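Here are a few friendly notes to read alongside the model. Keep the picture open and follow each point in turn.

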Amino acid sequence: MKYNKLISQIFEQVRDSASLGENASYIPELLKVPSNKLGVYITTLNSEAYGHGDFNEKFSIQSISKVFSVTLAYKLIGEKLWQRLGVEPSGSAFNSLVQLEKDKGIPRNPFINAGAIVISDVLLSHLKNPKDDFLSFIKSLSNNNEINYSPTISASEKSVGYRNIALCNFIKSFGNIKNDPEKVLDFYFDICSLEFSCKQLSEQFYFLANNGKTLNDKQIITKSQSKRINALMQTCGLYDESGEFAFKVGLAGKSGVGGGIVAIHPNKYVISVWSPKLNSKGNSFKGLMFLEKFTTATEQSLF
């Protein structure tokens, strides 16, 4: 299938439609992003690549970065990782503390904040120079040396990160955080501050559409591990809207409150969308609209 004309048509429809969302308000820097931005980029396993709109402009990927951190942790310690956190949808807000009490400090999955904080702790324990080593790992996924943390976004998050501080210390009280909570949180906030364009994201996530192998034919994780991370994205990747995303879009996906969404059809393509205005669940309003129209028009989805 040739995607360029179709993506262009859907892009125009979505761009001209009304947006009922608003920028993330609890991170001051994200409020400054122009809310009319819209970009999309697709990378296929048949060597096709198309972009429309603001696809080359970098934005804060926020929780999308959790896919990279869980991938590296899974690569480093294998199945032992799942002793520290679960693989079930949470059914609660991404920053909720409620389930941690019942589950004795074991987060439901790696994509809610509690789970990503535990992943940050795992990486701190297994990387010699955590921030540099993590950045090197991400760069290796597409040989993109432009990728970096954003000091401005990280500082903005740290200035208002009281809920995440509470999460980390609460998990620590159950013994599921091994390192100093301040160091864990500092690393976590930096991970969330990573900036990518739609084009870069689409290329970065190629390995999850290609059984763990990058655009440059480098095997990052095993085929089985790739399958499981895609499964987690399918069931848990869009906070407590993951079920609706599976119902309407039918792809493995991960969103972030910066307005980005990456969606994967294994063995076919990776598509990334960015539009800063979010719905009430914290997902990009127009990003979801675009992806639903796209899979409906192509009749290509996992279901």
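1. Let's begin with helix H8, residues 181-192, in this predicted model.

2. Is H8 buried or exposed? Nine of its twelve residues are buried, so the helix is largely enclosed by the rest of the structure. Among the buried ones are Pro181, Val184, Leu185, Phe187 and Asp190.

3. What covers these buried residues of H8? The cover includes strand E3 (59-60) and several helices, among them H2 (65-77), H4 (113-126) and H7 (162-173).

4. Have a look at the start of the helix, too. Asp180 caps the N-terminal end of H8, with a side-chain oxygen 2.9 Å from the backbone nitrogen of Glu182.

5. Next, find Val14, which sits in helix H1 (residues 4-16). Val14 has a relative accessible area of 0%; buried means under 20%, so Val14 counts as buried. Beyond its neighbours within four places in sequence, Val14 is in contact with Leu38, Lys286, Met289, Phe290 and Lys293. The C-alpha atoms of Val14 and Gly287 are separated by 8.6 Å, although these residues are 273 residues apart along the chain.

6. The structure holds one cavity of 30 Å³ or more, and the largest cavity has a volume of about 70 Å³. Twelve residues line the largest cavity, and those closest to its centre are Ser96, Gln99, Leu100, Arg108 and Ile112. By class, this lining has six nonpolar, four polar and two charged residues.

How values were computed: Residues numbered from 1 in each chain as written. Predicted model: local features only at pLDDT ≥ 70, side-chain atom pairs only at ≥ 80, totals over all residues. Heavy atoms only, no water. 1 Å grid on protein atoms, 1.4 Å probe; cavity = no way out; pocket = protein on both sides within 12 Å on 5 of 7 lines; lining within 4 Å. Points joined across faces, edges and corners; volume = space filled by probe spheres on them. Nonpolar A, V, L, I, M, F, W, Y, C, P; charged D, E, K, R; others polar. Helix = DSSP H or I, 4+ residues; strand = E, 2+ residues; numbered from the N terminus. Expected span 1.5 Å × (residues − 1). Buried < 20%, exposed > 50% of the residue type's maximum accessible area, 1.4 Å probe, protein only. Contact = heavy atoms within 4.5 Å. Polar contact = N/O pair within 3.5 Å; in protein donor to acceptor, adjacent residues only side chain to side chain.
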